[in-house]
Amino acid sequence: MIAGITTAVVVTWTLSKGSNLDAIPTVGPDSWFGTWWVGHNFRTNAVEMIQEGYEKYKSAPFKIADRYRWIVFLGNRQHMEEVRNAPDEVLSFNEGANEAIKTEYTLGPSIYHNPYHVEAVRSRLTRSLGTLYPEIRDEISVAFEEVLDLRDNEWKRIPALPSIRQIVCRTSNRLFVGLPLCRDSDWLDLNLRFALEVVRGRDVILGFPRFLAPFVAHFMTDVPGSTKCGMKHLGPIIEERLKYLEEYGDKWADKPNDLLSWLLHDAPEGPERTVKLLTTRVLTVNFAAIHTSSNSFTQALFFLAANPQYIQPLREEVESIVEKEGWSKASLGKMRKIDSFMKESQRLIGNGTTSLPRKALKDFTFSDGTFIPKGTFLVSPSRSLHLDDENYDNAHKFDPFRFSNMRDEGEGTKHHFVSTSLEYLPFGHGKHACPGRFFAANELKSMLAHVVVSYDVKLEDGATHPKPLRNGISLAPDPSAKVMFRRRIY
């Protein structure tokens with residue numbers, strides 16, 4: 001309790017001090033009590049507060065206090081370009097991400113200092129999507145069948161988010177660790193819990209002074225226990241593969257082509273090639289992949305169920321392409337309306353209200369003279385940019401074929417689901433754009449294509465489009481919301 005009170009005092013003093021950010025306008029009061037109160041309210045009112053700042057200071061930075069720090073928002077295109085192009089040793093993406101989840105303590109120093117798994121996802125996973133697509137397709141089909149468990153042609157109320165999490169977790173782990181582990185209920189439950197434990201662990205760590213963080217992470221969070229549980233599942237598999245690597249080298253008959261194999265290949269000699277650290281890597285990739293993809297698809301499912309008039313044109317597109325070419329990564333790439341539907345859903349309701357996180361490791365001055373002191377946390381107000389009529393016609397309207405129409409007008413790859421820009425930031429932008437977005441896009445589009453050709457969907461009678469839940473800068477689907485499913489009636 002003493003540590004918590006001490007931290008609260010230090011945080012309040014830090015916010016009231018302003019960290020040399022006095023020249024940047026503030027949303028909310030600047031007094032010490034006012035900043036504490038704004039920081040407290042930011043958890044539930046971030047959307048309105050960020051929008052207020054964006055509308056009031058559109059061409060200039062503004063700042064808002066959250067519970068632990070000031071956040072500086074950059075909605076000006078020139079500022080965003082300069083952030084994107086700034087050297088990592090000045091404006092650091094990795095340190096910005098570390099600010100969000102305290103990676104060094106929640107996931108461990110190995111993940112923090114040597115994130116080699118990111119390159120495995122960016123290059124090896126992306127390059128393998130065509131070869132592995134039959135496995136993605138198979139797991140999606142089997143997972144939907146088993147998770148929905150529909151009977152005859154009757155409508156069934158399905159808890160959307162929990163069900164989609166199961167399907168995404170199974171499909172992702174088909175490529176991460178393969179069969180049969182990707183269907184093991186204990187392994188799936190562990191990975192679904194792990195992300196929540198990391199976030200809760202971060203909140204616990206933030207309640208104590210920094211010098212206590214290693215102790216708090218080890219003894220007062222659930223992450224170490226979950227890692228041990230993961231080792232029970234992956235340990236025998238890792239040890240067997242290490243044995244084969246030692247006996248036969250990098251190639252042997254029936255060598256699995258999955259994330260675990262790529263990590264074993266890329267892991268430096270020494271502690272990184274141990275069961276514990278390899279298990280941590282796999283859990284970390286699951287942490288990054290499962291909940292973001294589950295949230296994105298659930299929001300798209302809500303849009304589909306609330307607008308069933310769009311099911312038929314999506315079906316016609318999928319069926320016409322599959323009839324000629326079958327299910328493949330290449331055929332999926334030709335489904336422009338499927339692609340556009342996912343992109344538009346994510347534009348309107350993504351996983352959060354901000355993007356492009358950076359932490360200033362050195363003092364930084366923008367070309368217009370705006371000064372950012374060392375230690376400042378920076379983001380861009382992505383939700384406000386996505387809903388700005390200057391960036392999109394009728395920006396608040398759900399137009400599922402907005403981007404496919406743009407592609408038909410000749411703007412090509414610019415409007416693909418995976419394409420990023422300063423006006424479209426769900427995957428970030430620039431060299432630090434989400435390394436797994438190509439896998440995520442293939443997975444989510446395949447799921448949507450499977451749903452429209454296999455099922456009828458709608459909201460419950462009298463229900464309206466479920467509103468996202470808010471937690472600071474994060475947005476998430478309502479886990480209690482239901483969607484009605486039945487087998488497709490021809």
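Student: Which residue meets the side chain of Asp 203 in a salt bridge?

Tutor: This is a predicted model, in which local features need pLDDT of at least 70 and side-chain atom pairs count only at pLDDT 80 or more, while totals for chains, interfaces and linings use all residues. Residues are numbered from 1 along each chain as its sequence is written, and side-chain values use heavy atoms, with hydrogens and water left out. A salt bridge here is a side-chain nitrogen of Lys or Arg within 4 Å of a carboxyl oxygen of Asp or Glu. At 2.9 Å from N to O, the partner of Asp 203 is Arg 202.

Student: Is Arg 202 buried or exposed?

Tutor: The classes rest on relative accessible area, with buried under 20%, exposed over 50% and partly exposed in between (1.4 Å probe, protein chains only). Asp 203, at 23%, is partly exposed. Arg 202 has a relative accessible area of 18%, and therefore it is buried.

Student: How many residues apart in sequence are the parts that Arg 170 and Glu 139 tie together?

Tutor: These two residues form a salt bridge whose closest N and O atoms are 3.0 Å apart. Helices are DSSP runs (H or I, at least four residues), numbered from the N terminus. Because Arg 170 lies in helix H9 and Glu 139 in helix H8, the pair ties together parts whose separation in sequence is 31 residues.

Student: Which residue does Arg 183 meet in a salt bridge?

Tutor: Arg 183 lies in the loop between H9 and helix H10 (185–206), and its partner lies in helix H8 (residues 129–148), so the pair ties together parts that are 45 residues apart in sequence. Arg 183 counts as partly exposed at 33% relative accessibility. The distance from N to O is 3.5 Å, and the partner is Asp 138.

Student: At what angle do the axes of H9 and H20 cross?

Tutor: Axes are lines fitted to C-alpha atoms, for helices over the stretch in contact, and angles run from 0 to 180 degrees between N-to-C directions. The axes of H9 (residues 160–176) and H20 (residues 437–454) come within 11 Å, and they cross at roughly 130°.

Student: Which residues of H20 make the contact with H9?

Tutor: Contact means heavy atoms within 4.5 Å. From H9 the contact involves Ile 164, Ile 167, Val 168, Thr 171, Ser 172, Leu 175 and Phe 176. On the side of H20, the residues are Phe 439, Glu 443 and Met 447.

Notes
Helix = DSSP H or I, 4+ residues; strand = E, 2+ residues; numbered from the N terminus.
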